[in-house]
Amino acid sequence: MRKNLNVNGEVRVVDVPPDMPLLWVLRDVLGLTGTKYGCGIAQCGACTIHIDGRPVRSCVLPASAAGGAIVTIEAVGNTPTGAAAQKAWLDLDVVQCGYCQSGQVMSAAALLARNPAPTDEDIDLAMSGNICRCATYPRIRDAIKRAARS
Amino acid sequence: MTLQAPQLPTREIELVTDRRRLILGGGLVLGLAVASVKARAQTADPSRVNPAGPQPLSTDDVSAAAGEGFRGFAPDAFIRITRDNQVILIIPNVEMGQGIYMGESSLIAEELEVGLDQVLIAPAPPNEALYKQPLLQFQGTGGSTSIRGAWEPLRKAGAAARTLLITAAANRWGVPVAECVAERAMVRHTPSGRQTTYGEVVDDASRLPKPEQVALKDPSQFKIIGKMIRRVDTPAKVNGTAVYGIDVIRPGMKFATVQSCPWRGGTLRAVDDRAALAVPGVLQVIRLPDAVAVVGEHFWAAKQGLDLLKVQWNAGPNANMSTEGLWASMEQASNAARGAVAHQSGDFDRAFQGAEKRVEAVYRQPFLCHAPMEPQAAVVHVTGGGAEIWCGTQVPTSAQGAAAKILGVPPERVTIHNYLIGGAFGRKLETDYVEQAVQIARFCPYPVKMVWTREQDTQHDNYRPLYLDKISAGLGADGLPVAWRHRVTAASVTIRFVGPAGMRPNGVDPDAVEEAEDPVYGKFQNMLLDYVQWQPPEGLRVSWWRGVGPTHAIYVVESFVDELAHAAGQDPVEYRRKLLRNQPRGLAVLNRAAQAAGWGTPLPAGAGRGVIVQKSFGSFLAAVVEVQVADEGDVRLRRITVAVDSGITVNPSVLKQQVEGGILFGLTAALFNEITFERGRVQQSNFHDYRMLRINETPPVEVIHIQTNNPPGGIGEAGTTAAAPALCNAIFAATGVRLRELPVRRELLRKNARKRTLAPPIAAALGARLLTPAEEVRDERADANAANDRGELPLDGIGEP
């Protein structure tokens with residue numbers, strides 16, 4: 001299947017099986033390895049990307065269904081909430097191993113874009129799909145609040 | 001093996017690969033990276049060193065640039081300074097989330113007098129002679145040993161290099177060394193104000209003899225150590241540029257995924273691969289003795305192919321292995337008349353018989369999977385007489401050796417490029433995934449990236465062993481233990497990793513008894529601790545898991561001390577204070593944690609607090625976990641309070657990170673995790689049935705850092721070792737139910753099912769006479785104390801340390 005994908009503001013032409021999850025198109029075809037594989041069944045959120053600003057688990061999204069503007073961790077810093085989240089992540093030393101943090105930042109940036117002042121409940125709702133094995137959750141929560149204030 | 005190469009669009013791959021090669025390749029890397037670091041250094045805020053931070057270079061390319069062909073100042077294994085004043089620090093331990101790039105670069109930079117915003121960081125290549133970990137005695141990262149081992153050597157390395165650079169500058173100017181000072185990679189002659197960069201004197205410094213003795217800074221002079229400085233590896237981890245082993249891309253690389261035999265010790269019998277090979281993008285099906293792999297143009301093709309294989313296995317000797325059967329075998333082993341004695345003092349039997357009260361308990365802990373977020377992966381290119389390997393590993397020289405053995409070549413023919421690790425927790429002390437990738441790559445004329453599925457990662461880990469602990473104590477008139485008997489039964493991790501040389505001559509596995517033998521309280525009176533080595537079925541390998549031996553032992557000791565406090569009718573904090581009367585560091589952390597947690601203040605119905613105090617890895621830590629147990633048995637974490645004394649702390653921010661994450665990591669396991677076998681197969685497969693704590697389940701965690709001038713302790717695992725006993729003690733306080741088996745079983749906590757857990761009659765098996773159970777008394781006391789914990793009764797004696 002030949003398809004145009006709008007990835008990080010560029011049109012990329014790929015020829016991939018229709019059922020191939022977008023995750024593997026990004027990682028193995030386009031070489032955008034910032035988006036991570038963790039579970040393959042939308043349980044961990046490491047593969048979270050934005051499509052038209054909404055957070056999507058790319059490990060279960062077939063390439064054939066991937067339309068709209070795709071933004072990955074490599075370019076989310078160009079969006080106001082992505083940049084704010086990244087800065088807050090650094091300010092609060094959130095990261096340990098870092099493997100899940102691409103997905104965490106993407107989920108947080110999407111949350112902040114639709115809700116500039118999230119409550120704890122809002123954060124729980126938006127972020128509970130993202131597992132962090134290092135359990136940096138307390139700092140993720142604080143960093144989202146800090147980014148919201150900025 | 002069939003080669004079938006459909007023409008997939010690899011153009012994009014090549015484009016990216018070329019770019020990668022540019023960024024990561026050879027000499028260019030230094031130029032690019034130096035430029036970016038310099039740009040940042042100009043805007044550095046001196047109060048927050050490293051505001052953006054240099055990116056650690058997660059390949060060996062810097063080591064290549066800084067290695068044999070290096071032109072410049074190379075006084076030792078860790079420091080390289082170029083003529084244009086670029087400082088490269090080669091970090092002996094691997095970064096897997098614990099912040100060691102930060103910690104070890106801080107030690108060197110502190111004495112070398114360079115800013116962390118001025119350095120590049122490179123992982124050490126495999127080299128036992130240069131990078132052997134002083135405490136482990138091999139090149140590896142684990143056991144919370146890194147800072148403890150590096151504390152002196154790395155500071156001395158920095159100080160020696162600084163001394164040479166100052167001397168070189170002083171000689172050039174013809175002035176006394178004592179009139180010169182170093183700061184931020186510059187030497188300044190104080191009286192004249194003349195100054196020079198380190199880079200300008202590297203050639204002179206290289207010709208000077210090494211100083212025999214160097215003076216280390218007084219801690220009052222530290223500029224980096226002990227300061228809240230941001231981690232150096234963070235920026236790349238929030239913008240997608242950090243490269244983990246699973247992210248490596250090589251020119252012409254293909255992708256493999258694999259299914260190992262579902263039965264440990266089983267083998268591959270036959271594969272029908274016709275459907276798999278018909279999948280567009282599938283290139284090869286590779287048969288290994290105990291696994292089958294599919295190679296494709298991308299992971300998805302390989303995975304599709306794998307799912308379409310019709311595989312027949314020889315299940316082998318463990319076809320009927322079950323968790324139930326393994327426990328029965330452990331139980332039998334634990335009834336041995338004699339175990340290997342780890343510690344014996346006084347006369348347990350006599351003291352036990354003469355005790356006012358006797359308490360006994362059996363604790364069971366399950367197999368645990370490491371489950372790092374990054375599934376096992378490695379890129380291997382087997383070439384004419386050797387191989388290049390790109391991966392993350394905690395043991396680079398072991399990985400190199402294992403690969404060389406498979407290929408039948410000397411180790412130096414195998415190059416290991418070590419990368420950032422997406423969580424290890426002990427998993428990457430194993431080299432199985434590297435070995436398997438090498439076996440696959442032997443059949444491939446191109447570099448191949450093997451990526452395990454989460455299912456393969458969960459089911460083919462080497463697990464933390466089962467532990468069976470039988471323990472009994474006699475209490476004196478004051479309620480404190482006068483006799484202590486503990487038998488540990490477990491497979492030996494030490495035998496697997498180190499071999500007999502790691503065991504004590506009498507057969508004790510030191511890991512299995514660590515912190516049971518010498519708990520925070522010191523040794524108990526009339527104490528007998530022994531170990532029975534259980535032999536697991538062949539093919540069932542046990543592994544180090546975060547917290548190693550102490551995670552096992554502290555759960556048992558701190559659960560049991562809690563039981564003793566309740567049996568004695570005493571408050572668990574007060575009881576521990578009495579036991580700690582000669583242990584000031586333990587007492588101090590206990591008092592701070594209890595005070596900060598509001599120990600003894602009222603809680604809502606259904607809530608309870610549990611306390612533990614421990615020493616592990618040279619650090620002292622007390623924790624109070626507060627839970628709410630619903631009538632249906634669900635446990636909700638309300639609040640966690642930890643006080644920690646880790647001695648001199650290199651980076652307080654990293655310390656707090658590690659304690660926060662460490663205790664939540666341990667709570668995840670205690671609440672949710674066990675690996676079980678049924679008919680030889682692992683029953684868990686992914687995060688839906690081996691589940692992780694999530695943010696909505698995470699309570700506030702307060703970490704109180706007590707700074708002392710004791711030698712630095714390890715901190716990556718101390719939070720984890722505290723978790724399970726603090727949780728179970730809290731559940732007891734909330735419900736009166738003592739959980740002696742992990743993970744937490746909600747069905748035991750349902751309000752109408754709650755029972756006092758009676759201690760089983762184990763004393764005979766342990767060599768003491770059968771007991772008169774004091775359970776009835778104990779449970780009444782337990783009720784009173786549970787009420788106490790809920791704040792229904794006044795408590796006193798809680799105050800400032």
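Guide: One definition to begin with. Helices (H or I, at least four residues) and strands (E, at least two) are DSSP runs, numbered from the N terminus. Keep in mind that this is a predicted model.

Visitor: What makes the phi of B:N85 worth a remark?

Guide: The value is positive, about 70°, and B:N85 is not a glycine.

Visitor: Why does B:N85 count as buried?

Guide: The cut-off is 20 or more other C-beta atoms within 10 Å. B:N85 has 20 C-beta neighbours inside 10 Å, so B:N85 counts as buried.

Visitor: Which phi value does B:V548 have, and where does B:V548 lie?

Guide: Its phi is near 35°, a positive value in a residue other than glycine. B:V548 belongs to helix α18 (residues 548-567) of chain B.

Visitor: How do you know whether B:V548 is buried or exposed?

Guide: Count again. Inside 10 Å there are 26 C-beta neighbours. The cut-off for buried is 20 or more, so B:V548 counts as buried.

Visitor: What joins B:L742 and B:P743?

Guide: A cis peptide bond, with omega about -5°. B:P743 is in the loop between α22 (718-735) and α23 (763-766) of chain B.

Visitor: Now a helix. How do you know what span α20 of chain B should have?

Guide: Take 1.5 Å times one less than the number of residues. For the 14 residues of helix α20 (residues 584-597) of chain B, that should give 20 Å. The end C-alpha atoms are 20 Å apart, so the two values agree.

Visitor: What makes you call α20(B) mostly covered?

Guide: 10 of its 14 residues are buried. Among them are B:L587, B:V589 and B:L590, and also B:R585 and B:N591.

Visitor: What covers the buried residues of α20(B)?

Guide: The cover includes α19 (572-579), β21 (607-616), β22 (619-629), β23 (635-645) and β26 (701-705) of chain B. After α20(B) comes B:G598, with a positive phi near 70°.

Visitor: What makes a set of residues a nonpolar core?

Guide: The members are buried Ala, Val, Leu, Ile, Met, Phe, Trp, Tyr and Cys residues, joined through C-beta atoms within 7 Å. The largest such core here has 305 residues. B:L165, B:A378, B:A623, B:L727 and B:I731 touch the most other members. Helix α6 (residues 146-173) of chain B gives the most to this core, with 13 residues.

Visitor: What is B:L165 in contact with, leaving aside its neighbours within four places in sequence?

Guide: B:A182, B:V187, B:Y198, B:V201 and B:A205.

Visitor: On to chain A. What pattern does chain A follow along the sequence?

Guide: The pattern is β-β-α-β-β-β-α-α-α-α. Chain A has 5 helices and 5 strands.

Visitor: Why is chain A called as compact as a globular protein of that length?

Guide: The globule rule gives 15 Å for 150 residues. Of its 150 residues, 63% count as buried.

Visitor: Which domains is chain A divided into?

Guide: Domain 1 (2-71) and domain 2 (77-149). Their centres, taken over C-alpha atoms, are 20 Å apart. In the contact, 14 residues of domain 1 of chain A meet 11 residues of domain 2 of chain A. β3(A) gives the most to the side of domain 1 that touches domain 2, with 3 residues.

Visitor: How many residues of chain A are in contact with chain B?

Guide: 51 residues of chain A, against 53 residues of chain B. The largest share of the side of chain A that touches chain B comes from α5(A), with 4 residues. By class, that side has 28 nonpolar, 15 polar and 8 charged residues.

Visitor: Last stop. Which domains is chain B divided into?

Guide: Domain 1 (44-222), domain 2 (245-317 + 376-451) and domain 3 (325-367 + 464-789). The centres of domain 1 and domain 2 of chain B are 37 Å apart, over C-alpha atoms. Their contact takes 15 residues from domain 1 of chain B and 16 residues from domain 2 of chain B.

Definitions and conventions. Residues are numbered from 1 along each chain as its sequence is written. Chains are lettered from A and ligands numbered from 1 in the order in which they are written. This is a predicted model: local features need pLDDT of at least 70, side-chain atom pairs count only at pLDDT 80 or more; totals for chains, interfaces and linings use all residues. Domain bounds come from an automatic or database domain assignment. Two residues are in contact if their C-beta atoms, placed from the backbone, lie within 7 Å. The radius of gyration is taken over C-alpha atoms; the globule rule is 2.2 Å times the number of residues to the power 0.38. A residue is buried if 20 or more other C-beta atoms lie within 10 Å of its own, exposed if 12 or fewer, and partly exposed in between; C-beta atoms are placed from the backbone. Ala, Val, Leu, Ile, Met, Phe, Trp, Tyr, Cys and Pro count as nonpolar, Asp, Glu, Lys and Arg as charged, and the others, Gly among them, as polar.
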